[in-house]
Amino acid sequence: MQLGLKPVKPHSKTIKNHSVKPPFHRHAFHRINALSIDFKELDYQKTPLGDISLRRRSEPRLDDRVLYEVKLGDEFLMSSLFTEAERQLTHLALAELNGDDLQVVVGGLGLGYTAAAALEHSAVTSLIVIDVMAPVIDWHRRGLVPLGKTLTDDPRCQLIEADFFAVSTNPDIGFDGSAKNSRVHAVLVDIDHSPSRWLNPGNGTFYTAVGLSSIARKLLPGGVFGLWSDDPDDDRFMELLSSVFHTVSAHEVAFENPYTDAESTNTVYLARTPN
Ligand SMILES: C[S@@+](CC[C@H](N)C(=O)[O-])C[C@H]1O[C@@H](n2cnc3c(N)ncnc32)[C@H](O)[C@@H]1O
């Protein structure tokens, strides 16, 4: 599978009220790394999708704050510096739900911020987290990433190595891959850059009426589908969501970008099935 890579998030975040590109380019990132007081590559593995690595470094421009970064090939996939919208994806979605026995699925483990946010809710009794990259799951199991133990020590949480899109569009299996297609209260997805910018061209079929309908069918009545996006909210995607789901909304999540000294934003889409 060809995987176009997700740029490290600060490179592509929308900088509110700024039409110029942030002065924080990938090359600058490499120079900063060279200056880091503490830099350690914690793991490096070859995968069918490319070489993936996990690094820990201190950031001199942020008082030597320790950051964890995931690289796939030459590109940055995720940084522990930018996590606000990843966590809000969960909190905004779960705020839509009532009940005290919630089953939640997260597509895209990464550094685990979206998933760990679900475990902060005592109403969540089951969390399935699906990631296609075995090393990413392995880092959590080995406690190499800050939230690894939070996820793996919690009996409510199951980490599953699978292609989320293959699982979610297969009507004959559950999210855990078992033959029981049990429906869940919430499905939260952070895999692609946005509904129209994908890691892999094959992912595009998910962001169609057919793909989204398959998710809607795996949700319980009143269930919620949440999607993270690096782009501003997109009217065409909202129309598409509206054609499949009962209610839809888009939420701008703003956060400070210490590299640009400006505010950046991501979008969280929410879509619910009828009660
Ligand atoms: C940007 S990261 C997710 C970040 C996460 N929200 C967090 O809080 O750290 C995207 C993740 O999606 C995973 N991924 C890529 N393609 C996938 C697929 N087809 N199915 C499941 N996971 C996939 C990557 O391995 C990566 O861990």
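Which residues of helix H9 are buried? In this predicted model, the buried residues of H9, which spans residues 235-244, are Phe237, Leu241 and Val244. They lie on the same side of H9, because they cover an arc of only 65° around the axis. An α-helix has 3.6 residues a turn, so residues three or four places apart point the same way. The face of H9 turned away from this buried side carries Asp235, Arg236, Glu239, Ser242 and Ser243, which are exposed. On the buried side, the packing partners of H9 are helix H8 (209-217) and the strands S11 (247-257) and S12 (262-272).

Strand S6 presents another pattern of burial. Six of the six residues of S6 (residues 102-107) are buried, so the strand is largely enclosed by the rest of the structure. Leu102, Val104 and Val106 are buried on one side, and Gln103, Val105 and Gly107 on the other, so that both faces are covered. S6 pairs with S7 in the parallel sense over six bridges, and Val105 stands opposite Ile128 in S7.

The shell holds 23 residues, of which Gly108, Gly110, Tyr113, Phe164 and Asp190 are the closest. By class, 13 are nonpolar, five polar and five charged.

The average pLDDT is 88, and 87% of the residues score at least 70. Over residues 1-32, however, pLDDT stays under 50, and the model has 63 contacts beyond four places in sequence for this segment.

Terms used. Residues are numbered from 1 along each chain as its sequence is written. This is a predicted model: local features need pLDDT of at least 70, side-chain atom pairs count only at pLDDT 80 or more; totals for chains, interfaces and linings use all residues. A residue is near a molecule or strand if its C-beta atom, placed from the backbone, lies within 6 Å of it. Ala, Val, Leu, Ile, Met, Phe, Trp, Tyr, Cys and Pro count as nonpolar, Asp, Glu, Lys and Arg as charged, and the others, Gly among them, as polar. A residue is buried if 20 or more other C-beta atoms lie within 10 Å of its own, exposed if 12 or fewer, and partly exposed in between; C-beta atoms are placed from the backbone. Helices (H or I, at least four residues) and strands (E, at least two) are DSSP runs, numbered from the N terminus. The arc is that of the directions from the helix axis to the C-beta atoms. Two residues are in contact if their C-beta atoms, placed from the backbone, lie within 7 Å. pLDDT is the predictor's confidence in each residue, from 0 to 100. Two strands pair if DSSP finds at least two bridges between them.
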